[in-house]
Amino acid sequence: AAFRDCVSLSGNIEIPQGITEIKNGTFYMYYDEAPFKGSLKLHDGIKSIGDGAFKGSGLRGELNLPKELVVINNEAFAGCDFSGILSIPKDVAVIGQRAFAYNWRLMGKLEIPKSVQSIGECAFESCSGIEGIVFEDGIETIGKRAFNMCTGIGSITCKATVPAYVHSGAFDGVPKDNFTLEVPESAIYLYQAAPGWNDFKRISAYRNLAIRPMVA
């Protein structure tokens, strides 16, 4: 909470080299204050971002997460105003509750890497600009309302042969009737029977159509 509720601060935030962890509530602000209105620069050596570290700070622009990041704690970036495509680093293991909630200007396809085992409650709630999700085969649990009111989602691909456990309301507000949930062919029946996944009425085999540029 080093700069918590410092409402007279403005501009950009740049975290210098040598810092590997941003503690809980470092730049936390109440949602109606949001003083910064600038961008955030995080160097690649940061490994952990604490609870509410940038919550409500009003930061905007693209969010480029550190390449060595492992832990994104609860509400770490909730209530900011980030835009662009969110890229989750390959070593992230946990995405906490409301970690990116209410960043409605995030867009594009969200790829959840194999390292991520759990997605917390309301982690991406109201991120209505996200257009699609790809779950690699490491995901085990998806929390309550994790993607609640992500109304822009038009595709979901799950690469795990064993469906992740989905808590209630994880995909509430996602237009499930507008697209087909793509899963491994051998696991179609498992997804059709699994709670949370069986809310999707169209489930079919995922095809990895990789074509070399020369062939194309």
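Guide: A nonpolar core is a set of buried Ala, Val, Leu, Ile, Met, Phe, Trp, Tyr and Cys residues joined through side-chain atoms within 4.5 Å. Buried means under 20% relative accessible area, exposed means over 50%, and partly exposed lies in between (1.4 Å probe, protein chains only). This is a predicted model, where local features need pLDDT of at least 70, side-chain atom pairs count only at pLDDT 80 or more, and totals for chains, interfaces and linings use all residues. Residues are numbered from 1 along each chain as its sequence is written, and side-chain values use heavy atoms, with hydrogens and water left out.

Visitor: Which residues touch the most other members of the largest nonpolar core?

Guide: Phe54, Phe77, Phe124, Phe135, Phe147, Phe171 and Trp197 do, in a core of 63 residues. Among the elements that each supply at least two residues of this core are strand 1 (11-15), strand 3 (37-42) and helix 1 (188-193). Helices (H or I, at least four residues) and strands (E, at least two) are DSSP runs, numbered from the N terminus.

Visitor: What does Phe54 touch, not counting residues up to four places away in sequence?

Guide: Its contacts (heavy atoms within 4.5 Å) include Ile13, Ile22, Phe27, Leu40 and Phe77. Cys80 is also one of them.

Visitor: Why is one side of strand 5 and of strand 16 left without a neighbour in the sheet?

Guide: Start with the order. Seven strands make an open sheet, 5-7-9-11-13-15-16, with parallel pairing. Strand 5 (60-62) and strand 16 stand at the edges, so each has a single partner strand. From one strand to the next, the twist averages 25°.

Visitor: How do you know that strand 15 and strand 16 pair?

Guide: Two strands pair if DSSP finds at least two bridges between them. Strand 15 and strand 16 have three, in the parallel sense, so they meet the rule. Leu181 has Ile203 of strand 16 as its bridge partner.

Visitor: What makes Lys55 and Glu75 a salt bridge?

Guide: The term needs a side-chain nitrogen of Lys or Arg within 4 Å of a carboxyl oxygen of Asp or Glu. Here the closest N and O atoms are 3.1 Å apart, so the pair qualifies. Lys55 lies in the loop between strand 4 (48-49) and strand 5, and Glu75 in the loop between strand 6 (71-72) and strand 7 (81-85), so the pair ties together parts that are 20 residues apart in sequence.

Visitor: How many salt bridges does the structure hold?

Guide: Nine. One of them joins the side chains of Arg4 and Asp5, at 3.4 Å from N to O. Arg4 is partly exposed at 39%, and Asp5 is partly exposed at 28%. Asp137 and Lys114 also meet in a salt bridge, at 3.9 Å. These two are 23 residues apart and link distant parts of the chain. Asp137 is partly exposed at 41%, whereas Lys114 is exposed at 54%. Salt bridges that share partners also join Arg60, Asp81 and Arg105 into one network.

Notes:
Axes fitted to C-alpha atoms, helices over the stretch in contact; angles between N-to-C directions.
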